[in-house]
Amino acid sequence: MRQSVAQRLFLSLFLFVFVLPFAHAFQSSSGTISGTVTDPSAAVIPGATVELSNHVTGYIRTVKTDATGQYHFYNIPFNPYHLVVTDAGFASNTKIIDVRSPVPIVNTVQLNIIESSQTVTVETGSDLIENDSTFHTDVDRSTMDRMPLESQSSSLSSIVTLSSPGVAADSNGLFHGLGDHAENSFSIDGQPITDQQSKVFSNQIPSDALQSLEVIGGAPTAEYGDKTSLIIKATTRSGQGVTTPHGNISFDYGTFGTTSIDGTLAYGGQNWGNFVAVSGMNSGRFLDGPEFQTLHDKGNQQNIFDRVDFQFNDANSLHTNLQYTRSWFQTPNAFDTMNVSDQYGNPVGPTDQRSKIETFNIAPTWTHTLNQYSVLNFGAYIRRDAYNYIPSNNPLADLGPIQQETVQQYRTLTNAGVHSDITWAKGIHNVKIGGMYQQTYLRENLDTGLVDASLNAPCVDADGDGVSGYTDPAQCATAGLTANAAFNPVLLPHDITRGGSNYAWHGQAAIKQLALYAQDQITKGPWLLNLGIRGDFYNGLAIQRQAEPRVGISYNIKQTNTVLRASYSRAQETPFNENLVLSTNGCYDPVIQGIFETLGSCVPAPFNPGFRNEFHAGFQQAFSKHLVISAEYIWKYTHNAYDFSVFGATPITFPIEWKNSKIPGWMLRASVPETHGISGFVVMSSVAARFYNPQVGGVGTTPGTPGSNYPFRIDHDERFNESAHLQYALPFRKSAWLGFNWRFDSGLVAGATPCYNTTDPNTGCSDYSFDANGNPLTLNGAPAVNLSSLTADQQFQAGLSCGGVKATPTSALPDLCAASQLSSSLLNIPTPGTSNDDHNPPRVKPRNLFDLALGEDNLFHGDKRKVGLRLTAVNLTNKVALYNFLSTFSGTHYVTPRSITGELSYSF
């Protein structure tokens, strides 16, 4: 009975939020400020200068009052601002305005004549802090423009990784927020995007289209759900109010033959606006590869983004985002896959795998202002990723040390949904009630076949190795061989090495999600209380309903410019959508089951959406007007925590589910507002990503089988990371500047690292420490490590040495190496006998990376038209370092070698 009552309440809220406001709505990711400037006699002042700025983020915008003395600021990211009004003959007037909701702010400003001016003293440091219960990082366009970025094709990921604490950097634009595997969501002008956004999964919104970012690392408020470890809230650029055309065209050329051309254009009036960003790039190093040397790594990307704004009247406006992006890229090769041979030793050429991703997005939003205290929003969207993975023309060329099957995949992921909310801001209350309904349509098409002749061989030799040339176990005895007990006849028709052909598999599903929420931000004196409740209904390949309370509190100690805060959140955790059908239903198919069982078990096991409880406590402290520090302690406990695994031994990944995870940690950000041309920030964090066996969902699950419950550090766990960014504009020439990044990473877990430990049951060293009979390995009576499972090139990728002798791509180390003599220049190998998957796992070695950008934005001292020149160096010292080594999810990847890019730009 109680469940039916709850369902009726949620249904009533759904009807109120979605059906009632259908005819009148608005976009709720930014605010507006308008007003009139008058003199002491109440006469309007045309031509007065009105400046809106935030000293911490670097946001600044200036307008002139019109003939009626009015000014307008549109598309203002939520934050506190200084509003400064000046005009000749009058004393300036400064106000602090806090934009916290889409409810329009009307602010009339009176300027006094210069003789009656009064001195206004701003409390030192008070305007640098925010009385907010949620930890977040703000990044403005002014910072993005001068930040040297690693990746042009995933620049949004680079900005988030460098500017926000708690982010572990990974390859190819992937980042892990606060200990979870890519449990990040994006909110683009209010549109939720919770699917994977690294460039091997999808195409991101280009950074040229962004006005600002708010990266939320604290406990999420009730309006955010699904994947909430890190929420990236983006406000795009608008042309509304830009009454003369403004734009930029730039041409870049750099290392690896990378070329790009970018253009932006903003134009509009007081009632309409259009902003367009167009870009295209081509590179000889598109992805991070398994070698520091670039091999088979070309790629290109084309992108167009268009934002259209139209204001029908003071109460109604329409805003639409349009995007289309296409990317094509090669899968980088290792030295091992540059000269592949078939089962008879005949060369078949290098591996030539490629991908193409096409993304389109349409997201209109209608705005209606109900009255001076409330506004109403209704938005709709459709977003589609079409991913095509293309194998080598000769499927036998796909064979490699970590790939035993050829695979072709075409899958689509389409999100179609609506979202609506009502905001009411009056007095001490800022209330928001809203909801979202979304359907995600999954279509997965897979063609695969075996290309390793030994993988499913009918006959094996005396050493148990598969033998080529036989198709029937009955042939084994006459050839002096033994029938393979593991031979699966179901796979024989799809064994390319034995004349078979690819097997075609198709899966599809429609994932339905409904979310309803209500929250109130109550401000009373120095106190701020944020109360909320959210309900999530997930109906996919599993069903779950979850009620999620959210609460946060903060207190502003004005005398010391200190804010203390604490918060709690309960959130639903849903599976990743990429190849979700394959992971859930693949084991029902006998051929797919047979391929999976060449590596382990394949028992059908549905996903059960999880839930998380998380607690946060932190503070913000301003020191004078030159420094503000924000720090936070976090503790998260998740039931049913998600990760990724791989299809057989191929590059195709799919989601899996662990029993639970416990993630404690801390994060800190220190910001220096611009002073004498210098500004910057430092972010740092330490987060422990502790996951617990057994695997309970997806392929690889062993339901009903007792398994280890030992915790382990998942491969995106990192003890410590830090980023520092510095900007400096020359005092005698503000258009000349430099931007500098320093990134330190202590290193992700690298569980495939060879190591020695025969006594700890919770260690991954066992595969390297025992012989076939289960006896500890020794060499001359000393503990030894078996390296025979790694090819020469894999040993080289890991930087391994034995007794001072280094592995090369073609020369392997001895199969047995004394544990005390094994070392690596790129991996931290635990001391023999000390490895533990929880407390002392192998890791990638720490690295320091430095980036530098030098620019001159106005070479010829132009007024309206400017020519700029920029030089960017990424990995300035050409540091050789790894992101990861033989990671289950992503394999081996090196950081970007030193790359230098020159840019010529024209602005108008």
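Select Arg690 and Asp838 first: both are buried (under 20% relative accessible area; exposed is over 50%, and partly exposed lies in between, with a 1.4 Å probe and protein chains only). Their side chains meet in a salt bridge, 2.7 Å from N to O. A salt bridge here is a side-chain nitrogen of Lys or Arg within 4 Å of a carboxyl oxygen of Asp or Glu. This pair links distant parts of the chain, 148 residues apart. Arg690 is in strand β37 (residues 690–697), and Asp838 is in the loop between β47 (827–828) and β48 (843–844). Strands (E, at least two residues) and helices (H or I, at least four) are DSSP runs, numbered from the N terminus.

This is a predicted model: local features need pLDDT of at least 70, side-chain atom pairs count only at pLDDT 80 or more, and totals for chains, interfaces and linings use all residues. Residues are numbered from 1 along each chain as its sequence is written, and side-chain values use heavy atoms, leaving out hydrogens and water.

Together with Arg690 and Asp838, they are linked in a network of salt bridges.

Go to Asp745 and Arg847. Their side chains form a salt bridge of 3.6 Å, N to O. Asp745 is in strand β40 (residues 733–745) and Arg847 in strand β49 (residues 847–856), 102 residues apart. Asp745 has 1% relative accessibility, so it counts as buried. Arg847, at 2%, counts as buried too.

Next, pick Lys432 and Glu223. This salt bridge is 2.8 Å, N to O. Lys432 lies in strand β26 (residues 429–450) and Glu223 in the loop between β14 (210–216) and β15 (230–236), so the pair ties together parts 209 residues apart in sequence. Lys432 is buried at 9% relative accessibility, whereas Glu223 is partly exposed at 23%. The whole structure holds 27 salt bridges.

**A lysine in a loop**

Select Lys879, in the loop between β50 (866–874) and β51 (882–887). What does Lys879 touch, not counting residues up to four places away in sequence? The list is Phe292, Arg847, Asn848, Leu849 and Val895. Contact means heavy atoms within 4.5 Å. Lys879 is partly exposed, at 32% relative accessibility.

**Aromatic rings**

Show Trp666 and Phe720. Their ring centres are 6.2 Å apart and their planes are at 45 degrees, so the pair is tilted. Rings of Phe, Tyr and Trp (its six-membered ring) pair if their centres lie within 6.5 Å; planes under 30 degrees apart are stacked, over 60 edge-to-face, and the rest tilted. Trp666 is in strand β35 (residues 653–675) and Phe720 in strand β39 (residues 718–730). Then select Phe201, Phe576, Phe607, Tyr642 and Phe644, which form one aromatic cluster.

**A nonpolar patch**

Ile249, Phe251, Tyr253, Ile261 and Tyr906 make a nonpolar patch of about 510 Å². Patches are made of residues with over 30% relative accessible area and no salt bridge; like charges are joined within 9 Å, nonpolar side chains (Val, Leu, Ile, Met, Phe, Trp, Tyr) within 5 Å. Accessible areas come from the Shrake-Rupley method with a 1.4 Å probe; for residues, only the protein chains shown count as cover. Strand β16 (residues 246–254) gives the most to the patch, with three residues. Phe251 lies in that strand and is partly exposed at 45%.

**Zoom out**

Finally, show everything. The protein has seven helices and 53 strands. Buried residues make up 58% of its 908 residues.
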